[in-house]
Amino acid sequence: MVLKNLLVGQSGGPSAAINASLAGVLAEGIASEKIGKVYGAVNGISGVLADHIQEMDMMENEELLHLLKITPAMALGSCRHKLAEIDSDPESYQKIEAVFDKYNIGYFFYIGGNDSMDTVDKLNRYFCRIKKDVKVIGVPKTIDNDLVMTDHTPGFGSAAKYVASTVREIVLDASVYQQRSVTIIEIMGRHAGWLTAASALARKYDGDNPLFIYLPEVAFDQDVFLKNLEKAFEKNCNLIVCVS
């Protein structure tokens, strides 16, 4: 019996942990007796559509696998390609199916965030529809920490630490002046406030900056915000505000 092969790709924005996830998939895929060859899709699903597939047998080297775990960015490259719904663009799905057939792919691992998991869902539904035995597995990755059914996502912890450290440095810099000042720090997070909430880790004591943290999950009232600033000036002339 000819063993099915494994294909893995990365998508979305890089994080400090995404290559570690890739290393895990490669290590287990290479070690498995149920999997033939292990391939990588260069630039994610865009690479699959372009048949830009490479063998990953060089990763049998444990030293290379270790280096991959601590390598920044994304070793296989990335993309921001969002698949259309199956019925509105059947040609793309047929092209992906043809590439999978060419390389005898029975397992597809896709490492990424929301849009990547959307791709996983659509491909899984497509292969189920055509009754083709291809296992499509999503490997969670997003610094926003906003994937449903996850406790936390790889990439969030390192990003939260970065936010806390950066905000702490800004707090210290802003504290050197006697003039009243308000410093507003915008922190990414789409519609999720996890990263912005992590700025609270920059506080060293009760009443320390950042004094105000605003999350997208809570409605913002500008009038209340301005009144809160005026009141806070009674105790602190330098105010730090973190906004998602």
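**Figure 1. Strand S8 within its surroundings.** In this predicted model, 5 of the 6 residues of strand S8 are buried, so the strand is largely enclosed by the rest of the structure. Strand S8, which covers residues 238–243, pairs with strand S6 in the parallel sense over 6 bridges. On this side of the pairing, Ile240 in S8 is the bridge partner of Thr183, and Cys242 in S8 stands opposite Ile185. Strand S7 is joined to S8 by 3 bridges, and these two strands also run parallel; here Val243 in S8 has Tyr214 standing opposite.

**Figure 2. The aromatic pair Tyr39 and Tyr103.** The model contains 11 aromatic pairs. One of them joins Tyr39 and Tyr103 in an edge-to-face arrangement, with 5.2 Å from centre to centre and 65 degrees between the planes. This pair links distant parts of the chain, since Tyr39 belongs to strand S2 (residues 38–41), while Tyr103 lies in the loop between helix H4 (90–102) and strand S4 (105–112), 64 residues apart. Both Tyr39 and Tyr103 are buried.

**Figure 3. The stacked rings of Phe100 and Phe127.** Phe100 and Phe127 form a stacked aromatic pair, whose centres are 5.5 Å apart and whose planes make an angle of 20 degrees. Here too the pair links distant parts of the chain, with Phe100 in helix H4 and Phe127 in helix H5 (residues 114–129), 27 residues apart. Phe100 counts as buried because its relative accessible area is 1%, under the limit of 20%, and Phe127 is likewise buried, with a relative accessible area of 1%. These two residues belong to one aromatic cluster that also includes Tyr93, Phe108, Tyr110 and Tyr126.

**Figure 4. Arg180 over the ring of Phe233.** In this close-up, Arg180 lies over the face of Phe233, at a distance of 4.0 Å from the ring centre.

Figure 5. The chain has 8 helices and 8 strands. Its radius of gyration is 23 Å, well over the 18 Å that the globule rule gives for 244 residues, so the chain is more spread out than a compact globule. Along the principal axes, the C-alpha trace spans about 75 × 45 × 25 Å. Of the 244 residues, 43% count as buried. Among the contacts in the chain with a separation of 6 or more, 73% are accounted for by residues 24 or more positions apart.

Key. Residues numbered from 1 in each chain as written. Predicted model: local features only at pLDDT ≥ 70, side-chain atom pairs only at ≥ 80, totals over all residues. Heavy atoms only, no water. Phe/Tyr/Trp six-rings, centres within 6.5 Å; stacked < 30°, edge-to-face > 60°. Helix = DSSP H or I, 4+ residues; strand = E, 2+ residues; numbered from the N terminus. Buried < 20%, exposed > 50% of the residue type's maximum accessible area, 1.4 Å probe, protein only. Lys NZ or Arg CZ within 6 Å of the ring centre and 35° of its normal. Pairing = 2+ DSSP bridges. Rg over C-alpha atoms; globule rule 2.2 N^0.38 Å. Contact = heavy atoms within 4.5 Å.
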